[in-house]
Amino acid sequence: SPCSPCLTPSLAVTMTLAPTRTENRRLPAPSLLDLLLDLQAAAHEYIRALAIGEWRAGAVTAAEAEARSFALLAEAGVLPRPALLASLASLHAGEGGRALQ
């Protein structure tokens, strides 16, 4: 029977090979430091998203969003990252545009 035009014989052989021993090995468990850094990144992103969402909904001003973000970061023991600082600057700039409308 003719071969399918999109599946060459070499590709068919490659697809049917069993995984090697290296591919079957489990990845090493993450270190406690890696887990802590992941948790800090997640907390930071949550706080950043919260500030943006509350500001967009009109629930807070840019200054209130900034104060709350820094308070939550301090409570979580996480330092502000550039993404949050840029987002807060954007909120302040957007609020200036709101005042002109």
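Which residues make up the largest nonpolar core of this protein? Before I answer, a word on the model: this is a predicted model, in which local features need pLDDT of at least 70 and side-chain atom pairs count only at pLDDT 80 or more, while totals for chains, interfaces and linings use all residues. Residues are numbered from 1 along each chain as its sequence is written, and side-chain values use heavy atoms, with hydrogens and water left out.

The protein has five helices and zero strands, where helices (H or I, at least four residues) and strands (E, at least two) are DSSP runs numbered from the N terminus. Buried residues, meaning those under 20% relative accessible area with a 1.4 Å probe and protein chains only, make up 16% of the 101 residues. If we take contact as heavy atoms within 4.5 Å, then among the contacts with a separation of 6 or more, 62% come from residues 24 or more positions apart.

Now to the core, by which I mean a set of buried Ala, Val, Leu, Ile, Met, Phe, Trp, Tyr and Cys residues joined through side-chain atoms within 4.5 Å. The largest one has 11 residues, namely Ile 47, Ala 51, Trp 55, Val 60, Ala 62, Ala 65, Leu 73, Val 78, Leu 84, Leu 88 and Leu 91. Helix H3 (32–56), helix H4 (62–76) and helix H5 (82–100) each supply at least two residues of this core. One of its members, Leu 88, is in contact with Ala 51, Ala 65, Glu 66, Ser 69 and Phe 70, leaving aside its neighbours within four places in sequence.

Let me turn to H3 and H4, whose axes, as lines fitted to C-alpha atoms over the stretch in contact, with angles running from 0 to 180 degrees between N-to-C directions, come within 10 Å and cross at roughly 160°. The two helices are therefore roughly antiparallel to each other, a label used for angles over 145 degrees. The contact is made by His 44, Ile 47, Leu 50, Ala 51, Glu 54 and Trp 55 of H3, together with Ala 62, Ala 65, Arg 68, Ser 69, Leu 72 and Leu 73 of H4.

Within that list, Leu 50 touches Arg 68 and Leu 72, not counting residues up to four places away in sequence.

Finally, Ser 87 has its place in helix H5, and at 12% relative accessibility this serine counts as buried. Leaving aside neighbours within four places in sequence, Ser 87 is in contact with Arg 48 and Ile 52.

Conventions:
Buried < 20%, exposed > 50% of the residue type's maximum accessible area, 1.4 Å probe, protein only. Parallel < 35°, antiparallel > 145°, perpendicular 65-115°, else oblique.
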